[in-house]
Number of protein chains: 2
Amino acid sequence: MSVQSVERALDVLEALAEHGGEAGLSEIAARTGLPYGTIHRLLQTLLARGYVRQESDRRYALGGGLVRLGGIAESMVGVWAQPYLARMVELSGETANLAVLEGDFIVYVAQAPSPRRLRMFAEVGRRVLPHSTAVGKVLLSGRPASQAVAVFERTGMPRRTPNTITELTAMLAELEQVRSRGYAMDLGEEELGVHCLAVPVWDGGRVVAAMSVSGPAERIDGLDRDELAEGLRKIALDFGNELRPTADGS
Amino acid sequence: MSVQSVERALDVLEALAEHGGEAGLSEIAARTGLPYGTIHRLLQTLLARGYVRQESDRRYALGGGLVRLGGIAESMVGVWAQPYLARMVELSGETANLAVLEGDFIVYVAQAPSPRRLRMFAEVGRRVLPHSTAVGKVLLSGRPASQAVAVFERTGMPRRTPNTITELTAMLAELEQVRSRGYAMDLGEEELGVHCLAVPVWDGGRVVAAMSVSGPAERIDGLDRDELAEGLRKIALDFGNELRPTADGS
DNA sequence: CCCACTGTTCCGCGATGTGGAAAACGACTT
DNA sequence: AAGTCGTTTTCCACATCGCGGAACAGTGGG
């Protein structure tokens with residue numbers, strides 16, 4: 001038996017997140033189905049504690065108090081991911097990464113390096129735009145197309161290499177392909193000569209992170225993609241189950 | 001009138017944060033004063049939603065669900081900070097930064113560059129160890145000494161330049177000085193020739209972020225430190241008040 | 001000034017959350 | 001295998017708290 005008020009407060013916070021971090025009370029009501037008075041009371045509580053903030057136009061936004069909790073949680077997720085990333089290195093021979101979407105950016109949260117002397121390295125904590133990375137495409141494919149479009153409109157899709165997808169229509173088609181196939185590829189889109197394959201980490205019906213392996217194009221191309229993706233997906237599923245024991249990867 | 005259950009759920013989350021992200025039920029009870037049954041019920045609710053996770057030894061930890069909310073909140077805090085950072089640039093002539101503590105690392109969340117051609121640049125999103133940065137010292141000085149010691153024991157204090165403080169005793173004395181003086185300096189400890197002055201951002205009696213200005217040693221040294229610190233503190237106080245309208249900088 | 005939409009406040013009521021006690025669990029010792 | 005101890009989990013009678021509809025207030029546009 002759960003605590004209804006806490007569930008509702010989380011619903012409100014998630015509604016704000018679904019709106020890119022800020023929304024009006026009526027937008028929250030539309031999304032959560034809760035009465036105005038109830039939402040208002042919950043918001044006042046979160047506001048007093050700094051977890052929500054009210055802007056000058058009376059709209060509400062996620063507040064600074066979440067930054068600290070989110071940062072600690074991120075560190076812990078990175079630690080928990082290590083054994084699974086290690087399994088991915090063992091499976092593929094290449095460097096494995098865990099990434100999350102923070103606002104409009106991909107952030108690398110954890111990594112297990114390949115034992116090979118020629119290996120990929122992405123600085124943990126580094127943030128990149130999502131359009132030119134495999135993990136970025138996985139994460140955005142887990143969001144409604146309208147949210148992905150909003151991200152691309154804010155960030156643009158700057159060309160990183162001749163292979164970078166820079167057209168919105170082509171990108172949306174690519175995301176649709178990622179959805180149906182269950183994995184994304186980066187074929188020298190972020191960096192020439194580097195290929196990458198990423199799979200989603202599911203948590204409660206939502207894609208909360210992405211895991212990937214990356215290395216020199218020839219080596220990645222020398223692997224069977226579908227087979228590799230299947231192996232990575234299984235590991236990612238195990239990881240998602242550890243994050244939330246009842247997580248359903250549907 | 002606030003919602004008691006939501007307040008308590010936040011108390012539980014903050015108790016976990018105070019314990020480095022994970023704790024047993026009895027530790028949470030000691031810190032919050034809540035009865036075991038109440039805590040357990042709140043934890044089950046947060047657990048079901050992925051905001052808390054239970055480990056194999058039955059201890060609880062902050063969960064992955066906070067990463068997403070924290071990331072969005074961080075982006076927004078960065079946006080809100082911009083006008084204040086711009087004021088700091090205007091005041092000092094140097095590049096201004098906003099940083100937070102995420103686990104054991106300092107993360108640069110926002111920046112306003114100096115208009116000068118010779119200027120400091122720290123990539124937003126970049127993470128560094130706290131011991132050799134002014135913002136790091138500010139943030140750790142806002143924590144109990146035991147927490148700072150725990151961080152240094154985990155990360156070590158690797159020498160970055162000949163000026164880096166690498167001894168625990170010296171560092172704790174330095175943090176004490178930061179507390180009494182109200183600001184921290186980085187005198188070429190992270191990078192030779194670069195000096196930095198940082199002040200705390202208070203939010204509800206807690207140091208939640210740090211703001212700093214940095215530039216070439218000679219230029220920073222050419223400013224009156226106490227005067228500069230006083231000016232930066234005022235701006236940081238304004239920013240803290242925007243984060244939480246009733247924030248008290250005591 | 002009026003209107004439409006949004007946000008805020010109030011209060012009677014009953015559903016929800018409380019918290020003490022009992023039961024269960026897990027690690028350790030004998 | 002049994003006992004001990006500290007911790008966690010479960011239960012349930014009860015009272016408080018959170019609910020939600022209605023009224024009020026605010027805001028921007030015509």
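Mentor: A:Arg233 sits in helix H9 of chain A, which covers residues 225-243 (helices, H or I, of at least four residues and strands, E, of at least two are DSSP runs, numbered from the N terminus). This is a predicted model, in which local features need pLDDT of at least 70 and side-chain atom pairs count only at pLDDT 80 or more, while totals for chains, interfaces and linings use all residues, and side-chain values use heavy atoms, with hydrogens and water left out. Residues are numbered from 1 along each chain as its sequence is written, and chains are lettered from A and ligands numbered from 1 in the order in which they are written.

With a relative accessible area of 26%, A:Arg233 is partly exposed (buried is under 20%, exposed over 50%, partly exposed in between, with a 1.4 Å probe and protein chains only). Leaving aside residues up to four places away in sequence, A:Arg233 touches A:Arg181, A:Gly182, A:Tyr183 and A:Val199, contact being heavy atoms within 4.5 Å. The C-alpha atom of A:Val194, 39 residues apart from A:Arg233 along the chain, is separated from that of A:Arg233 by 21 Å.

Turning to the charged pairs, a search of the whole structure gives 38 salt bridges over all chains, each a side-chain nitrogen of Lys or Arg within 4 Å of a carboxyl oxygen of Asp or Glu. In chain A, A:Glu27 and A:Arg59 form one, with their closest N and O atoms 2.9 Å apart. This pair links distant parts of the chain, 32 residues apart, since A:Glu27 belongs to helix H2 (residues 25-32) and A:Arg59 to the loop between strand S2 (52-54) and strand S3 (60-62). A:Glu27 is partly exposed at 27%, and A:Arg59 is partly exposed at 26%.

In chain B, the side chains of B:Arg116 and B:Glu94 meet in a salt bridge at 3.1 Å, N to O. B:Arg116 is in the loop between strand S5 (105-112) and strand S6 (127-128) and B:Glu94 in the loop between helix H4 (65-92) and strand S4 (95-102), so the pair ties together parts 22 residues apart in sequence. B:Arg116 is partly exposed at 37%, whereas B:Glu94, at 1%, counts as buried.

B:Asp104 and B:Arg154 also meet in a salt bridge, at 2.8 Å, N to O. Here B:Asp104 is in the loop between S4 and S5 and B:Arg154 in helix H6 (residues 145-155), 50 residues apart. B:Asp104 counts as buried at 16%, while B:Arg154 counts as exposed at 55%.
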